[in-house]
Protein chains: 2
Amino acid sequence: MTDATTDFEPAPEPLPDSGRDGAAQRAGALQLAVSTVIFALRTDDRFGAQGAMPTLWLPLVRRIREPFEGRWALPGGPLQTTEGLADAARRTLGDTTGLAPRYLEQLYAFGDVDRTASGEPGAARVVSIVYWALVGSDEAARATVGQNVRWFPADELPGLAFDHNLIVDYALWRLRNKMEYSRIAHALLGETFTLAQLREVHEAVRGKRLDPANFRRAMESSDALVDTGERLTGTPHRPPKLYRYDTSVGLVDTGPLPHP
Amino acid sequence: MTDATTDFEPAPEPLPDSGRDGAAQRAGALQLAVSTVIFALRTDDRFGAQGAMPTLWLPLVRRIREPFEGRWALPGGPLQTTEGLADAARRTLGDTTGLAPRYLEQLYAFGDVDRTASGEPGAARVVSIVYWALVGSDEAARATVGQNVRWFPADELPGLAFDHNLIVDYALWRLRNKMEYSRIAHALLGETFTLAQLREVHEAVRGKRLDPANFRRAMESSDALVDTGERLTGTPHRPPKLYRYDTSVGLVDTGPLPHP
DNA sequence: GGAATAGTGTCTATAAGACAGTATGCA
DNA sequence: TGCATACTGTCTTATAGACACTATTCC
């Protein structure tokens, strides 16, 4: 794992953070970066609450350079000439969290001329191609943290660098929409899960309680669940069935595009 | 209007088609281009059929340079450092067709490392941010054409340059999906239109006949139609009402993103 | 009046949601 | 036995589609 980097690093060639006066640094230069909004489900244990609902969290990286030095930003970095866009997203995701995504999708390309302007003139222009990713709850629990990497609740973010608040808002909007008509909720869980856990994911993301009976029927008719034959033990009451995601069905319909 | 250009032009600075040995031309360089898939509704008059159904057409530009010299490609060009991404799409759209879009949306960023490789090595890598656009049928009728710009039926395209066939397929997929849950169909018509015309748009794009009665109800309940009080005369039979699109309602829901 | 399209009414199939009720494990 | 959760059944309501019917204009 290399150092975590954020969007808008000036080094265009081989290694991130190498030189800060490359050819692309000249005035009017246009840089291409890839950033990723990484979502995971976490149970807020700040108050030690036991049966607390899990909520959406995401890791941010503290900027160690102007502009926006000291502000939190999305993990990312310049696109290497030998890697694809999704590869770059996967790489910065791994650099930041040590994790691999269970779901990865391109979100949007942000390229307003003044989006990297922090006030002082002369800043280079950066076009950021942003991805969003989901990581499983079991892996997310052992994600790396450090001085410059911290997880935040998705709905309690501080003022971020650049236009990254808007980017996260858009990623959240997309996630919530997609949650209603696709099967991506599975990507936020572990290998096996109960129907109650799957329902909790939907409730946490969509922000409202769902009827257990109707939810069960909706999931059963989607043909995405495989009964493992096992049950989750250790619960205080009747043990629920454990399911596995049917990997023969894609999480989403990407149309003519190949899956990333 | 300047000359029409396609994706992957090597000139990075002020004017398209100026110099072909700029700094970005060096080995391993990474270029950023913006291309646009432009849709319009046209009645195929190649066979002189009178009451023929309108179908989807799109303009392509013939490449006058290697790689893929002579092949048809999407209109586009390098991103200028002083314009936004949507501005670049609008600009190349105007350069190619002389038109302004009634609807414009970012489609996807294509950036596979080998997407610009035509066989011979040494080609620079290009990341293309692709937009898709809809132009009204009245304007589309007076679109400019030329030796190197030609309109094609969207479902009878030849083998295009680069990965442009995939891009068009994806744009078509997105258009068809969005046609079912948004009001973009209006953007393919003129200022005023009849319900039958609006239904023909849906039928042409979605590729199946729709029940006039049910379609009428669906449109009336969408609150996007304004009765102009006028009727379309000159029809052989009962004259239908003319409607106008209610511009106080957006064509689509873009979430937190500003409309382009 | 006939023909053709504009426009209305109504029935059915399907899906989404509300909610009562049964089943099963542990304290 | 009580209780909490797993799981099932059924009713209501909203919606999409099929299709019969009336209305109006030009020829």
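## Salt bridges

In this predicted model, a network of salt bridges links Arg102(A), Glu139(A), Glu191(A) and Arg244(A). Over all chains, the structure holds 18 salt bridges.

In chain B, Glu191(B) and Arg102(B) are joined by a salt bridge with an N to O distance of 3.8 Å. Glu191(B) lies in the loop between helix H3 (164-181) and strand E8 (192-193), and Arg102(B) in the loop between helix H1 (85-97) and strand E5 (103-110), so the pair ties together parts of chain B that are 89 residues apart in sequence. Arg102(B) is partly exposed, at a relative accessible area of 26%.

## Buried pairs in chain B

Arg115(B) and Asp163(B) form a salt bridge whose closest N and O atoms are 2.9 Å apart. Because Arg115(B) lies in the loop between E5 and strand E6 (125-134) and Asp163(B) in the loop between strand E7 (149-153) and H3, this pair ties together parts of chain B that are 48 residues apart in sequence. Both Arg115(B) and Asp163(B) are buried.

A salt bridge also connects the side chains of Arg199(B) and Glu203(B), at 3.4 Å from N to O; these residues are four apart in helix H4 (residues 195-206) of chain B, and therefore separated by about one helical turn. Arg199(B) is buried with a relative accessible area of 17%, and Glu203(B) is buried with 4%.

## Surface near DNA strand C

DNA strand C is surrounded by 17 residues, the closest including Asn214(A), His237(A) and Arg216(B). By class, this surface has eight charged, six nonpolar and three polar residues.

Note on methods: Residues are numbered from 1 along each chain as its sequence is written. Chains are lettered from A and ligands numbered from 1 in the order in which they are written. This is a predicted model: local features need pLDDT of at least 70, side-chain atom pairs count only at pLDDT 80 or more; totals for chains, interfaces and linings use all residues. Side-chain values use heavy atoms; hydrogens and water are left out. A residue is near a molecule or strand if one of its heavy atoms lies within 4 Å of it. Ala, Val, Leu, Ile, Met, Phe, Trp, Tyr, Cys and Pro count as nonpolar, Asp, Glu, Lys and Arg as charged, and the others, Gly among them, as polar. A salt bridge is a side-chain nitrogen of Lys or Arg within 4 Å of a carboxyl oxygen of Asp or Glu. Helices (H or I, at least four residues) and strands (E, at least two) are DSSP runs, numbered from the N terminus. Buried means under 20% relative accessible area, exposed over 50%, partly exposed in between (1.4 Å probe, protein chains only).
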